[in-house]
Amino acid sequence: MKKSNKPVLLSGISPSGNLTIGNYIGALKNWVKMQKEYDCLFVLVDMHAITVRQEPQALRSRCLSFIAQYLACGIDPKKSTLFVQSHVKAHTELTWILGCYTYMGELNRMTQFKDKSKKHPTNINAGLYVYPVLMAADILLYQTDIVPIGDDQRQHLEITRDIAIRFNNLYGKAFKIPEPYFPKIGARIMSLLEPAHKMDKSDNNADNYIALLDEPPTIINKIRAAVTDSGTEIKMSEVKPGISNLIAIYSALSEKSLQEIEEAYIDKNYMTFKKNLGEMIVEKLRPIQDEYQRLMKNKDYIYKILKQGAQEATRRAEETLKRVYEKVGFILP
Ligand code: TRP
């Protein structure tokens, strides 16, 4: 049973790399607003994370840090359910069931599996192969209406829908068929040094992104070093991906329109613009960083939020799981 009759929104976050202003602008900032109209579930997918090798201590502290950053950005545990995937056993249980309704031919087509296999050729494990089934379980357990995703997850949502439709056709309605939700185009923040690519929280070169937890001098320096394009104009243009990206960041964080910014900098140079942008990012991140520091000094509070989140998620997930067990013909315990 849901808490309300609002549509259900579920998003999974992988605890890898460092959360960036790209994640903030493209995802987090919107979710904070969407908490009002949607019944939101945010799940930190630690079980997905171990499909590539992790250092246990680092994984544990990164998970805690990600949760604190979510809270610091304004994810409100009174409105939303924030939890860790491994705390809710139904995720792995449903994964097994759904795996029996997923064809190897379908999994063989997943481009993320192919990409990750290339990246980690010595560790092409079965978990990596069934990753999309675990993701389907994350989504289907909560009768989710919408799933905000980036373009790279389109195929995973498609297979989730296919599995759900197949199961429903065999047994009668067990799952809601989820819809993808793509954030606005403007929300796509690009790498600072390679503006043809999306800003990536797992980028090997930290100069390509601004992390939410970067120190002020680091932020100023990274913006100063960001590639700009030939010419001098501060103007959005397809042939000027570097400066366009910086203007987009400025606009998203200041909530000023692109035109307003272009007009304000009409007779200014790149250096002045970058200096102001760097300082503005520092000011925008300051309250988030302060709140993060405060939360990290109070880990008991974070654990309490996670415990409540896991209880609520378990309660809801178990309803779906029970229905599924009945439908496939298990004797209920
Ligand atoms: N696979 C997603 C990614 O790499 C993370 C994820 C796991 C997810 N489970 C999810 C996203 C459920 C949305 C819904 O970004």
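Modeller: What follows goes through the ligand shell, then some single residues, then the cysteines. This is a predicted model, so local features need pLDDT of at least 70, side-chain atom pairs count only at pLDDT 80 or more, and totals for chains, interfaces and linings use all residues. Residues are numbered from 1 along each chain as its sequence is written, and side-chain values use heavy atoms, with hydrogens and water left out.

Biologist: Which residues are around the ligand?

Modeller: L10, G12, V45, H48, Y131, M135, D138, I139, V147 and Q153.

Biologist: How do they divide into nonpolar, polar and charged?

Modeller: There are 6 nonpolar, 3 polar and 1 charged. Ala, Val, Leu, Ile, Met, Phe, Trp, Tyr, Cys and Pro count as nonpolar, Asp, Glu, Lys and Arg as charged, and the others, Gly among them, as polar.

Biologist: Which side chains have polar atoms by the ligand nitrogens, and at what distance?

Modeller: For D138, a polar side-chain atom lies 2.7 Å from a ligand nitrogen. Y131 has one at 2.8 Å from a nitrogen atom of the ligand, and for Q153 a side-chain N or O atom is 3.0 Å from a ligand nitrogen.

Biologist: How much of the ligand does the protein bury?

Modeller: The protein buries 88% of the 370 Å² that the ligand exposes when taken alone. Areas come from the Shrake-Rupley method with a 1.4 Å probe.

Biologist: And which elements give two or more residues to the shell?

Modeller: β1 (8-13) and α7 (126-140). The largest share, 4 residues, comes from α7. Helices (H or I, at least four residues) and strands (E, at least two) are DSSP runs, numbered from the N terminus.

Biologist: Back to Q153. Where does Q153 lie?

Modeller: In the loop between β4 (146-148) and α8 (154-171). Q153 counts as buried because its relative accessibility is 13%; buried means under 20% relative accessible area, exposed over 50%, partly exposed in between (1.4 Å probe, protein chains only).

Biologist: New topic, D145. Buried or exposed?

Modeller: D145 is buried, at a relative accessible area of 16%, and sits in the loop between α7 and β4. The D145 side chain makes a polar contact with the side chain of K176 (2.9 Å), and one of its polar atoms lies 2.8 Å from the backbone nitrogen of V8.

Biologist: What about K116?

Modeller: K116 is in helix α6 (residues 111-119) and is partly exposed, at 23% relative accessibility. Leaving out residues up to four places away in sequence, K116 touches L128 and Y131, where contact means heavy atoms within 4.5 Å.

Biologist: Last one. How many disulfides does the structure hold?

Modeller: 0 disulfides, a disulfide being a pair of cysteine sulfur atoms within 2.5 Å.

Technical notes
A residue is near a molecule or strand if one of its heavy atoms lies within 4 Å of it. A polar contact is a pair of N or O atoms within 3.5 Å; within protein, one must be able to donate a hydrogen and the other to accept it, and residues adjacent in sequence count only if both atoms are side-chain atoms.
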